[in-house]
Every structure is written in C-alpha cells, then in structure tokens.
Amino acid sequence: MWKIILRRVLLMIPELVLLSIVIFLIAKLMPGDPFTGMITPQTSPAQIEALRVKAGVYDPWYLQYWHWIVRMVHGDLGMSYQFKTPVGSLILSRMGNTIWLHLLTLILSYSLAIPLGLIAGRYENSRLDKGIMIYTFVAYAIPSFVFYLLGVWLFGYKLRWFPTSGSVSVDVTGTLGYILSRLDHMILPACLMAVLSVTAVVQYLRSEVIDNKNQDYVKTARAKGVPEKTIFTHHIFRNSLLPIAAFLGYSITGLLGGSIFIEQIFNYPGMGLLFMNSILNRDYSVITALVLLYGTMTLIGSLLSDIILSLVDPRVRIE
Amino acid sequence: MGRRHLFTQTVALLTVLAGTLAVPTSTVLAKDVTLKQTHVNHKKELKGGTLKVGYPSNTNFKGIFIQELGTDSETNRLAELGQSGLFRKDKNGKYVKGGLADVSFDRGSKIALITIGPKTRWSDGKPVTARDMAFVYEIIANKDSTSEYYSDALETIMGMKEYHEGKADKISGLQIKDSKHLLIHYKKMTPAMEYVDSGYLYNDAQPYHYLKDVPMSKMAQSDKVRKHPLFFGPYTIKKVVQGEAIEWVPNKYYGGKKPKLDKVVEEVVPVAQIAEAMRSHKYDVILHESRATYAKTSKVDQYVTLGTMAYGLQYMGFRVGDKGANGTSVLDKKLVTNNRSLRLALAYAMNTQQIVKEYGAGLQKWANSMVSPAYGAYHDNKIKPYYQNLKKADQLLDRAGFKRGKDGYRTQPNGKELTLHLLDQASGRGNDEIRANYMQLWKKIGVRVELVNDRPLEFNTYEDLLHSNSHKFDIWFGNWSLGQEPSTAATAAYSPKSSFNHGHFVTKENTKLLKSLNSEKAFNPKYRIEQMHKWQEYMRKEAYVVPLSYSYDLTAVGKNVKGMTVDDSTQLTVWDNVCLTK
C-alpha cells in the first residue's frame, strides 16, 4: 500500500505542473491587471506604467511563469499587490481563521448528520424519518446567504447571543480571553454552516442503513439474538459509513477552501473572501497561489479518501 | 471612478468632509431631503466613554497606516482619527493659517515655507519635525518605494526627478531650515498648489525617527506601519485586528484640543448587516453610509444623517478622437460623434432629471455642469442643465441632415448607417434599468444605440477598453471621483495630454481655457473662478461630455453623540469635539 501511496504522490508532480501552467495562463488571460483602475486624475500614468514594468506585467507569459516557478520553489509566493505583503504570510494568516471555522463546522456537521442519518435509516418511513428528510431537503434548497442573514438577525441582533462580525474582539485581553473571543466569533457562523451542510451525509447514511438492514449479516445477527440497538451501533453503522468515508478526505482538505458567503456576511477574514477579492482586484500572485493550493488539496483529498476508505473497509485496497 | 479609491481620492473623501458647498448655508438640499453638516445635541456631555464607529464594507481594510503607501480608502477613512492633515483649509479647500503646521508661498522665489507648530507631536511624545515632512516625499519618490503616488506635479520640486531615478541621495528642493521649518523649492509655481489635493504639496508627515531603519521596499509590510503606527492627530491606535477593527485611545501629545473620549472602537460592518446594526444601535457613528442602505436606515430615528456633496460626478462622454503620438489626444473630424447637433440631441433626449429623482433616493442632484457644487464658488449654478426636449432633439438632427429611414432610425448626413456603440459598466439592476430607459429615448429620436459586447462590462474589461484607443465605443457612461483642488475637475480629464481624456476631446478654445486656470493671472481667485465658469459654459455649449448627477457622502450619527461634524474647515479635525451624552 505504501508503494501505491508513493506512486500516487509522485504522479501528483506532473499533474501539479500542468495545473500551475493552466492556472497561470487563465489568470493572465483575464482582462485587466492589478493596476487597472489605480490611475486617477491625480496619479501619474508614467508611475503606474513603471510599476507595471517592475511587476513584470509586460514580460512574455513563459518568462513570467518561469520567474514565478523559480520563486515558488524557493518558498517565495510573491507579493500581494493589493495588500503589499508577502503572499505566503497573507495566506497563512487567513488559513488559520478558515481552518478553525471549518473544523468547528465539520465537527458540528458530522455530529448532527450521523445521528440523523442513522435514525432516519433505522426508522424508515416513520414520522421521524419524514421530518429529517424534510429538514435535509429544506437545508439543501434554501439559499445559504438568506439563511445566514436570518441567523445573524435572530441570534446576533435580536437575541444578542453571538457577535455579528469579525473573528475576534479588538478590546480582548490575555491569551485565554483571546481564545474564548475567537471561539465566540466562530460559533454562530459554524452552526449556521453546519445546519445547512448535513444533507449529503444524512441522505447517504440513511440509504446505506436501509440497504444494510436487509443484508444477510444483519439477519444472522438477529437470529443469534443480538439486541437491535447493538446491531445498529456495531454492525450496520460501520458498514454504512463507507460512502461517507469516501468523501471525508475531501472534507478535510476542504477545510482550507473557505466560504465566500459566510465570510462576507460575517466579515470573517478567511480564504474565501481573500480569493474572491483577489480575483476582483486581479491580484495575480494571490490568485495563482490559492488555486494551486486548492488544486494540491484536491489531489491530496482524493488520496486521503482512498486511504480512509481502505482503513474503514479492509476489502478495499488501493490498486 | 476606480475600483480602488487611492490616496488622492481618499484625501478627497477626507476633504469632502470640509464641505465646500455651493450653497452658503450649513445644509445641503436634495429633493426633499435635508442633510446637515453638523449634528447639534444640547444634552449634557458624558465624561469619557467609548464611541463605537461602524464602517460599512464587504472587504477587510488593508491596514497600511501610511497614506502615501496605502491602496484602499477604507484604511484612510478609518485612520482619520489619527491622521487628518497638518494644514488648515477654508471652505474652498485653500490652505489657511491655524493648523498643526502652516504653509505660505513665495511666488517670486518659487518657495513654499512650512512652519510646524511647537505643540505638534507624535503619539510617542517626539516633536513633528521638518525632517518628518520631507520624509513623506522620500516615501513617495524613493526608487525602492511601493508607493503609487509619484506624479508629474511632484517633479516640479527641484531635484525630485533625480532622486526618483536614483541619481541623487537627497531631494535637493527640500531644504530643512531648522527642526520646525521646511522650505520646498519649485521649478515653477502654480495656483493649484495653494489648494488641498493638488499633488504639489503633501498635507502630511511621517515619523522619520521611528521609520528610518525600515527599508523602503518593506515599509508597507512593516509592523511599525501596520500594527504600531505613530500619529499626530487627536487619537492613536492601541490595537488593530487586521482587516476588521481598530481600537483608538487619546493621543496625550496631541497639539490641538484634548480629546473628550476615553476610547473609540472602529469596526468594519458587512453591508448586509448595516440596517439591522443601526436599528439595534450597535454603533454611535456610521461612516460612509451608502445610498443603497440610506433608504432603510434613514427611518431609524436614533440617528441623524450628515452629508457633504462629493467632488466628482456621473457623466456621459463622447469619443470624438484618437490618442495620437506621445499620448496626445487628436480630434478625428470624420467621426460622427464630432457632430455637435448629434451630441446635443442625445443630451436633450435624456430624462436625467426624472432618473435622479426616481433612483437617487434623494441623495443625488441633477448635474448642470462639469464642476460639482462641492467646489464652492468654482461651480457655476447659473448654467442650465439639458432639460429633456425630444422635439428639440429631433429638430437638431433633422437640421443637421440625419434623415429618418423607413425603420424609424436615422442615417448619417453622408448616407451611411448611424449606430452608436455604448460602453457601460455592470453595476447592478438599477443601472440596467436606467441605461435601457436612455436607449429607448434615443430610439425615439431615431438614433440606434447598441451596447458594446451586448452587455454592460465587468470592471476590468470596461477600464481596459476605456483606456485603450479602441474604436469599439462611441459613447460611454462613467463617473469621476476627484480631489479638492478645483482646476482638477477640468484639467484632469480634458487636457490634450491627460490619459483620462478618454474621448480624446481637444479644441483650441478648450486648451486655452484650461491653461488659463493655472496661469499667472489665476493666482487671483476671482479670475480663476471666472475662467472656470467660462469653461463650464463652453462645455455646456459643445456637449462633448454630458453631466448627469452629483452624489452625497453620508455619515450617520447617533443622537447620543455630541460635537460631530463633517465640516473640517471650522476645526483641526472632525473628531476634535466629539463626545457622548446621556
């Protein structure tokens, strides 16, 4: 298995090189550049042109790509034009916010979805099952930004349980105070995201539980007198987790993805907002670094999913 | 005008607060909305307290607390508490005595003399010196600097070009007489330099003693600039949460009146939340409230909205020429848009008055001239706007030989098909409706107008096309965001060499008028104002550009706040007297 994993990792190298060329070219094909709109009647066009030349905007694409690759190999992702700060440290600062928020969301989401999926599958066609199904359909159908805004309005402004924007209070003191404030700012967006993101897990789990209920090994267990509860928690549960394990790898790497809607509504400085603003402002160095990061994460996610799957189900082997 | 409001634009925003208005009263009238410039509160003031300020924005502020290096208007606006200019100015944006530093001009010797007040200190207690003021020019012009503000205007300072090109270690035109006096030697003097935002003189200082060891190329990312900056204004930063919030405390070394508040907390508020934040009175002051949210928030009775008219305007331009050699615009007489009757007909067909009334939320004013009333006496309020008159528009076209065909559309006087291509930027549903309305009206007078690429363009594509020498468009909708120096409204975009002369409009008369605005005679404000009025009249007659509307900049102030104003011509900064009441 280790050989296979190593081979998969090595295969990622040409894939990433190809991906980086595509990303780079697409970014350059976009109209405008980081300096578009910067020239105002009071600024000198010559100065902006000088900055364009300095930034290599007029160099041939392959030269720009080569410079970019060489710098990246040396750990330098370039400078952000709009933030005037190294891209690496900019992404790292946003990455922390995004990872914590999405980790909390992931935990909450699975904590909610797994019991709901199991219950729905076990009590198929009951009122409880129908209720859960309606909830998942509504959660899937509702526009996320509407739901988030409703959440802010109710829990942030009406009930005043949670902060309504940002990632931490500015006037907080001490390390503990800082951690608690960060957590306080994450709870509402994480809960709202978790409530909306359960559909896939619940539906997969429910159908797997229903399928497994009629399998021979379950009938055998029942015949042997194993209590119904144990059958569900020990036998059916593990087998039903297979499809969920299949996309757990993507969920883990997806922690970095960020969410544009939640970050914009809560003014939460994460990767989603950074990515969107970088595209709008043609901040090439940030765009290319982020897309490459997402691409790498997707490849790793795919590998992780396969590994997790093989761990959960010994019958599955990576070939 | 731009996606990013740059330093100059931001200074314009700062100075918008100075409120140089055409109307001599302290209020601005738009439709039936009255916007005050100062919030009067007679309640007894509280000692100290924390003022909460919200800034509606969907982006995180960049947090570069050196205006000369910054790229976003949010940071500059939020930093007004600490850095709002050293010089005092009058309602026309002209420098006057009485600031933390004063400037005087010696035209004969081509010198500006800056005198820094004895009480003017940085928030670390060190005095603001002439070296600090000279440092501002070095930050902008240094060859390693990341600043975008180096300009032709700065090159009128002796030795600036040599320093910028790395040929000299110092800017020879900056002479530090002593710690409190700086002399700036210019190659030539111009009336514009006596005004804020001219680009010739910077209304700022940066702490040389604090930043001298930071390399120029890394200054914008330094913690000394982003996390622990120094200020000479009434408040100084205690803590910053990058992109989200700033905590301010009084600058105990401030050279003006002692600040009245214990603390000011500024936060970026997502635009979607602003109405609810105001209803629940989460903030005492909301800066830069948008027109879009005003319709909802104006009904929240805990707030009073203060307003000042912006320096720019929304307009429609005609492309009448090309960019020639050396970037100089050249009129192309073969272009159909060079027909004055056609331009006037299009202007008279537009129902802008109605549009401003219906879509402006009472916060826009129908523009009569190319110069906003924000420029005070420089705006000519006697100029008539283009009142909608479809009959007149038809007559103009008939007389000029634009004959109607069977399909209702006109042909050019030479018999060729007449189709004008309109360039516009995608900016929301309201804009789509307005554009469709204008296109229908032009159809009524027989002028076929088609949208470039059949749709409004995304910002970058729009800007690329506008700045190119493309023949893809004949007319375009745009808006200007300008500085406070009055002649900018004319010279910035309509002089032959301006890269903003997107329509490439050049005439002898126009060039003559523009030159007169910064001529020797124009040091006399009366003459300058007269020439500015003549230029507005000329532009009205020729209709190379059709002014559409002026807008207001809004600040919502809680009724528990006292001393808040958006007019900084009466005091050092707008925050000088702000306090809370019971």
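The model is predicted, so to speak of local features pLDDT has to be at least 70, and side-chain atom pairs count only at pLDDT 80 or more, while totals for chains, interfaces and linings use all residues. Residues are numbered from 1 along each chain as its sequence is written, with chains lettered from A in the order in which they are written.

Let's start where the chains touch. Chain A puts in 41 residues and chain B 52, contact being C-beta atoms, placed from the backbone, within 7 Å. On the chain A side, helices 2, 6, 12 and 13 each supply at least two residues (helices are DSSP runs of H or I, at least four residues, numbered from the N terminus). That side has 20 nonpolar, 18 polar and 3 charged residues.

Now look within chain A. Helix 1 (residues 2-29) packs on helix 14 (residues 284-312) at about 150 degrees, axes 10 Å apart. That makes the pair roughly antiparallel (angles over 145 degrees count as such). Among the residues that meet are A:F24 and A:A27 of helix 1 and A:L299 of helix 14.

A:F24 and A:A27 turn up again in a nonpolar core of 23 residues. Such a core is a set of buried Ala, Val, Leu, Ile, Met, Phe, Trp, Tyr and Cys residues joined through C-beta atoms within 7 Å, buried meaning 20 or more other C-beta atoms within 10 Å. Apart from it lies the largest core, with 157 residues, where B:V285 and B:A345 touch the most other members.

How values were computed:
Two residues are in contact if their C-beta atoms, placed from the backbone, lie within 7 Å. Ala, Val, Leu, Ile, Met, Phe, Trp, Tyr, Cys and Pro count as nonpolar, Asp, Glu, Lys and Arg as charged, and the others, Gly among them, as polar. Axes are lines fitted to C-alpha atoms, for helices over the stretch in contact, and angles run from 0 to 180 degrees between N-to-C directions. Angles under 35 degrees count as roughly parallel, over 145 as roughly antiparallel, 65 to 115 as roughly perpendicular and the rest as oblique. A residue is buried if 20 or more other C-beta atoms lie within 10 Å of its own, exposed if 12 or fewer, and partly exposed in between; C-beta atoms are placed from the backbone.
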